Amino acid sequence: MSVGQALPHESAALHVTGHALYTDDLVHRTHHVLHAHPVCSPHAHARVARIDTGPALEVEGVVRVLTADDVPGVNDSGTKHDEPLFPDMVMFVGHAVAWVLGETLEAARLGAEAVEVDYEPLPAIVALTEAIEAESFQGNQPVVARGDVDQGLTGATHVFTGVTEMAGQEHFYLETHASLALVDEAGQVFVQCSTQHPTETQEIVAHVLGLHSHHVTVQCLRMGGGFGGKEMQPHGFAAVAALGATLTGRPVRLRLSRTHDLTMTGKRHGFHASWRVGFDDDGCLQALEATLTSDGGCSLDLSEPVLARALCHVDNAYWIPHVRLHGRVARTHKTSQTAFRGFGGPQGMLVIEDILGRCAPLLGIDPIALRSRNFYVDGQATPYGQVVRHPERIARAWQQVLDTGQVASRQAEITEFNAAHEHTKRGLAVTPVKFGISFNFTSFNQAGALVHVYKDGSVLINHGGTEMGQGLHTKMLQVAATTLGIPLAKVRIAPTRTDKVPNTSATAASSSSDLNGGAVKDACEQILARLRAYADGRDVAWDELVREAYLARVQLWAAGFYRTEGIHWDPAAMQGHPFKYFAYGVAAAEVEVDGFTGAHHTRRVDIVHDVGDSLSPLVDLGQIEGGFVQGMGWLTLEDLRWDESDGPGRGRLLTQSASTYKLPSLSELPDELNVALLEHATEDGVVHGSKAVGEPPLMLAFSVREALRAAVGAFGRPGASVELASPATPEAVFWAIERGRG
Amino acid sequence: MSDPHVTVNGQPRPLTGVPGHTNALDFLRGLGLTGAKEGCAEGECGACAVLVCRPAGERSRWTPVNACLVPAAALDGQEVVTAEGLGSPERMHPVQAEMARAGGSQCGYCTPGFVCSMAAEYYRPDAGEFDVEAMSGNLCRCTGYRPIRDAALALGRPTTGDALAERQSRPAPAPGATRPADLATALGLLRDHPDATVVAGSTDWGVEANLRGRRAPYVVYVDRLPELRTLSTAHTIEIGAGLTLSEVEAGLAGAVPLLDQVWPLFASPLIRNGATIGGNLATASPIGDLPPVLLALEASVVIASPDGEREVALADWFTGYRETVLGPGELITSVRIPRPLAGLTAFHKIAKRRADDISSVAVGFALDISAGVVGKARIGLGGVAATPIRALATEAALEGQPWTAATVEVAAEVLRSEGTPMDDHRASAAYREAMLGNALRKLWAEAGT
């Protein structure tokens with residue numbers, strides 16, 4: 001039995017020895033490669049009046065400069081026709097207006113410096129609040145509503161209003177965007193690309209080149225991290241490389257430097273939320289009205305579905321009878337913000353967690369009690385009309401964390417510690433996660449697989465999902481081996497390619513194991529059914545059975561398909577049953593804060609997370625821990641700063657390198673991190689009873705933010721509400737402490 | 001072999017014809033050794049870490065460095081081991097096997113770099129328990145680090161017959177012939193090439209070259225000059241300018257307690273294995289971590305030129321933003337710290353991240369307190385002016401005063417007004433000011449009574 005076994009990543013031995021190949025590693029195995037370098041705008045908003053490529057062509061080693069005039073097809077790198085590949089209007093600092101191809105990267109870089117561009121600068125909107133003020137919005141403005149909010153607020157005994165703002169987040173996958181394109185011996189445009197969405201990369205390369213999809217093949221070997229940042233963003237870069245390859249007849253490599261990656265590609269959306277909330281005397285939520293505005297950056301990209309998911313997650317794990325949530329996407333002159341692990345869910349959930357954290361002292365109710373008494377119970381539905389299945393799992397995970405985390409006794413210890421320490425305070429908090437699994441857009445919930453059984457009994461599988469470190473391939477190998485009833489060693493997985501499995505959905509929304517697992521299982525079951533029919537009850541060993549079946553002209557390969565049943569969504573009404581199920585989790589975190597500086601560290605974290613029946617426990621554990629720490633980074637450390645001044649650098653990303661944008665390092669790992677998988681959690685109707693795990697654990701990190709709030713509160717007057725900026729950097733924590741003392 | 005070359009995973013590889021701006025990472029990847037990756041090109045992420053055989057007395061040490069910062073040419077004559085050289089998928093190195101088993105890799109991109117940092121710690125001759133700080137210069141975006149930490153802590157010790165362990169019992173290779181052999185030769189080269197760039201550990205120059213496209217027409221490597229690699233603690237403490245910070249830490253062996261507070265907070269082991277103390281002062285960054293401390297210690301800088309030697313007090317060293325009194329053709333040879341050392345010393349660094357971050361404010365304290373009265377007070381500040389500065393007004397507010405909460409409160413208010421802190425992406429000016437004052441209050445709270 002392979003499913004359920006704790007196995008290392010299927011490429012672990014390749015990873016640790018440096019033998020795992022990534023897109024840019026192929027450059028050193030490819031001859032006559034040209035290197036691409038962008039010509040980037042220094043302005044946040046400007047009309048491109050003139051581009052003179054002549055001086056670049058004088059630079060030794062420069063082969064060609066690509067501009068809009070070179071595009072034979074559609075000059076657009078997105079799916080909404082608002083992202084020109086070569087813009088005549090630049091929309092953010094770093095926007096590429098041309099690309100230089102050189103014999104070396106050095107030549108291309110010097111060539112890019114030599115290209116002359118005249119810009120006519122225009123006013124730019126940089127901060128989200130500026131966009132709200134100027135009513136600069138783009139796309140839909142959906143509303144999720146239930147009940148009568150006005151009546152609910154009137155009936156509530158405690159009504160509070162507030163604003164919650166949260167910053168975005170840079171993906172900082174260790175591997176920056178990379179593509180290597182060539183025209184192969186059959187005239188096929190072949191693009192190796194670090195992409196979470198090979199099919200869409202293929203479609204955009206094709207429309208830029210003026211070709212049909214069947215003329216373009218995209219392969220993704222593996223990614224050095226994706227986190228959503230390679231769902232939409234790789235397409236334009238792949239198209240530039242492919243355009244260069246078709247025009248020069250030579251392979252073209254495009255790999256972004258870290259600074260280019262930071263300044264040119266989209267990030268998690270920052271959000272602004274204004275809210276009005278009502279509670280009864282017991283602290284039960286009565287009504288919530290909120291307006292959520294996301295910072296979409298310069299184009300729509302995935303901002304609309306991100307906003308939809310945000311609105312569908314404001315409730316998190318809590319029953320709110322009367323709800324009205326407005327959503328808007330701001331247009332600013334920044335990178336086009338995009339998918340990032342959680343896809344709006346974290347931002348929506350942060351709103352309600354911030355509300356509960358701020359209101360608990362005002363209600364005079366302990367935050368742990370306030371949260372748990374608002375949990376969904378059986379039969380209740382979300383504001384968008386989906387009945388919450390298995391809500392008792394939230395309460396069960398909650399109780400398990402309280403027990404195994406010894407929360408009550410530690411709270412007492414912390415009270416003692418805080419009384420004894422004037423300059424150092426500790427805080428502890430517990431927060432829940434409820435996260436909907438499936439793409440909101442129903443059509444995306446499908447997947448394909450191709451499974452080959454060879455005459456010697458070995459098996460090769462292909463599926464539509466991409467591997468970015470999340471262990472999808474490991475799980476797919478386990479599903480195939482288990483379904484076929486053969487040892488794992490007999491199964492091998494081939495890189496994701498659009499000519500093997502077509503029309504794939506993005507590897508996103510945490511759902512790739514569910515979807516592709518279903519497809520792999522379907523293909524394996526088809527083959528198995530034929531083999532069983534052939535064996536006709538005889539007990540024949542696998543290799544022998546396969547050999548015999550071949551000779552008997554039994555088809556030994558199959559294309560598998562899966563679509564999620566029972567989901568539907570009305571995007572106009574913002575109502576339906578968009579999610580196959582919810583993934584649940586609970587975390588308790590304890591932090592310590594230095595009152596002199598605001599510096600903090602996480603002493604202990606206890607997590608219970610619901611992954612159904614785990615397909616691959618070591619992989620799932622890795623996703624939970626890694627997602628949690630990434631969430632901690634977003635909430636407590638990572639600090640995107642844009643130049644919002646009126647100076648010449650307006651709109652520039654100030655944190656555009658690893659030395660200025662800090663993500664968690666080993667020093668942020670909690671001293672103690674205990675993770676348990678929720679038991680007795682079989683999920684009916686999903687592959688082998690499992691649940692998705694990619695995104696939900698990120699939001700377990702709310703516990704750290706709320707623990708910081710508790711510690712900050714301990715410096716101030718008891719019963720005071722604590723407002724905490726997000727991210728809660730040491731400086732932000734320091735000012736929160738000062739406000740509390742003030 | 002006299003032509004420039006480097007031995008990589010046991011095989012000699014020629015360096016002839018490699019452009020001067022090519023860093024070791026691109027050079028190695030060009031050889032097909034693509035295990036080392038570029039994650040940031042500025043020594044922050046460690047994805048490019050490789051092992052270099054460096055001197056350790058009569059023996060040697062496998063020392064991890066960021067290959068993205070080291071010019072390929074600087075490896076002339078050296079021995080390098082990459083993740084591929086440690087083991088193969090079929091025969092993994094013990095470090096690799098443990099990382100794989102523990103789930104220490106997810107996307108795998110940072111993993112070869114982690115493996116090199118871990119291997120260096122694994123081969124540390126005096127290793128007790130594995131020091132996980134050895135990996136604080138490696139970033140992982142997937143795992144959250146728990147499995148990596150546990151893999152490291154589960155490692156045993158190298159077995160007898162381990163070739164890399166045995167290599168450490170012999171001396172490191174001599175510097176290549178393309179480097180100047182001694183100080184006089186180096187000074188001669190600087191005289192003959194006025195446009196030369198002096199490079200030591202290249203942790204600053206490498207960033208300039210990679211991120212800002214700076215190119216040097218001529219480079220003089222000084223970090224292996226024997227005259228710059230001495231260290232003495234006998235009377236005055238004198239530290240050779242060409243010693244890496246890791247070497248200084250090991251060589252001082254606790255002789256300057258204040259410096260021991262700095263090391264764990266100074267960048268990362270990967271950087272400290274390259275960065276030299278002379279380079280740190282020559283680059284004259286206003287936000288460096290060493291200058292505030294060396295100012296508090298009243299250090300001085302010894303400079304050599306063809307005309308002889310001169311000594312400059314560090315307080316007179318910095319003349320402007322990233323500018324010093326160092327003249328053309330001159331080289332820093334050593335840093336002197338006078339004895340006796342102050343009785344109460346502390347280093348306070350304010351940064352967003354606990355490890356491997358650039359300070360928004362750094363404060364070095366060196367106070368003499370006897371019979372409850374502050375004698376001499378020396379306070380160095382970083383991050384609050386165009387250069388590192390002494391907090392002269394605060395020093396005056398402390399000297400001769402009783403060491404009491406009241407004195408501290410008065411002096412803390414003076415300290416918060418020192419310098420000209422500004423707003424930037426690291427911190428606001430108001431926070432910097434508050435942190436200056438609070439540094440002294442914190443010192444009092446922790447060490448005052």
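This is a predicted model: local features need pLDDT of at least 70, side-chain atom pairs count only at pLDDT 80 or more; totals for chains, interfaces and linings use all residues.
I will start with a pair of helices in chain A. The axes of helix 17, residues 617-636, and helix 18, residues 702-715, both of chain A, come within 8 Å and cross at roughly 45°. Helix 17 of chain A and helix 18 of chain A are therefore oblique to each other.

Now helix 17 of chain A by itself. Helix 17 of chain A has 20 residues and reaches 28 Å from its first C-alpha to its last, which is close to the 28 Å expected at 1.5 Å a residue. This helix is mostly covered, with 19 of its 20 residues buried.

Another helix of chain A to look at is helix 3, residues 105-114. In helix 3 of chain A, the residues A107(A), A108(A), L110(A), G111(A) and A112(A) are buried. What covers them? The cover over the buried residues of helix 3 of chain A includes strand 1 (34-40), helix 2 (54-58), strand 3 (62-66) and strand 5 (96-102) of chain A.

Stepping back to chain A as a whole, its secondary structure comes to 19 helices and 27 strands. The radius of gyration of chain A is 26 Å, close to the 27 Å that the globule rule gives for 742 residues, so chain A is as compact as a globular protein of that length. Along the principal axes, the C-alpha atoms of chain A fill a box of roughly 75 × 75 × 50 Å. Of the 742 residues of chain A, 64% count as buried. Take the contacts in chain A between residues at least 6 apart in sequence: 81% of them join residues at least 24 apart.

On to chain B. Here the secondary structure comes to 16 helices and 18 strands. For chain B the radius of gyration is 22 Å, close to the 22 Å that the globule rule gives for 449 residues, so chain B is as compact as a globular protein of that length. The C-alpha trace of chain B spans about 70 × 55 × 40 Å along its principal axes. Among the 449 residues of chain B, 58% count as buried. For contacts in chain B between residues at least 6 apart in sequence, 67% join residues at least 24 apart.

One residue of chain B as an example: R378(B), found in strand 17, residues 373-382, of chain B. Is R378(B) buried or exposed? R378(B) counts as buried because it has 22 C-beta neighbours inside 10 Å, and the cut-off for buried is 20 or more. Leaving out residues up to four places away in sequence, R378(B) touches A296(B), E298(B), A342(B), A366(B) and E395(B). The C-alpha atoms of R378(B) and T16(B), 362 residues apart along the chain, are separated by 50 Å.

Last, the two chains together. In this model, 65 residues of chain B are in contact with 61 residues of chain A. On the side of chain B that touches chain A, the elements giving two or more residues include helix 1 (24-30), helix 4 (111-122) and helix 16 (429-447) of chain B. Helix 16 of chain B gives the most to that side, with six residues. The residues of that side of chain B divide into 29 nonpolar, 21 polar and 15 charged.

Key
Residues are numbered from 1 along each chain as its sequence is written. Chains are lettered from A and ligands numbered from 1 in the order in which they are written. Two residues are in contact if their C-beta atoms, placed from the backbone, lie within 7 Å. Helices (H or I, at least four residues) and strands (E, at least two) are DSSP runs, numbered from the N terminus. Ala, Val, Leu, Ile, Met, Phe, Trp, Tyr, Cys and Pro count as nonpolar, Asp, Glu, Lys and Arg as charged, and the others, Gly among them, as polar. Axes are lines fitted to C-alpha atoms, for helices over the stretch in contact, and angles run from 0 to 180 degrees between N-to-C directions. Angles under 35 degrees count as roughly parallel, over 145 as roughly antiparallel, 65 to 115 as roughly perpendicular and the rest as oblique. A residue is buried if 20 or more other C-beta atoms lie within 10 Å of its own, exposed if 12 or fewer, and partly exposed in between; C-beta atoms are placed from the backbone. The radius of gyration is taken over C-alpha atoms; the globule rule is 2.2 Å times the number of residues to the power 0.38. The expected span of a helix is 1.5 Å times one less than its number of residues.
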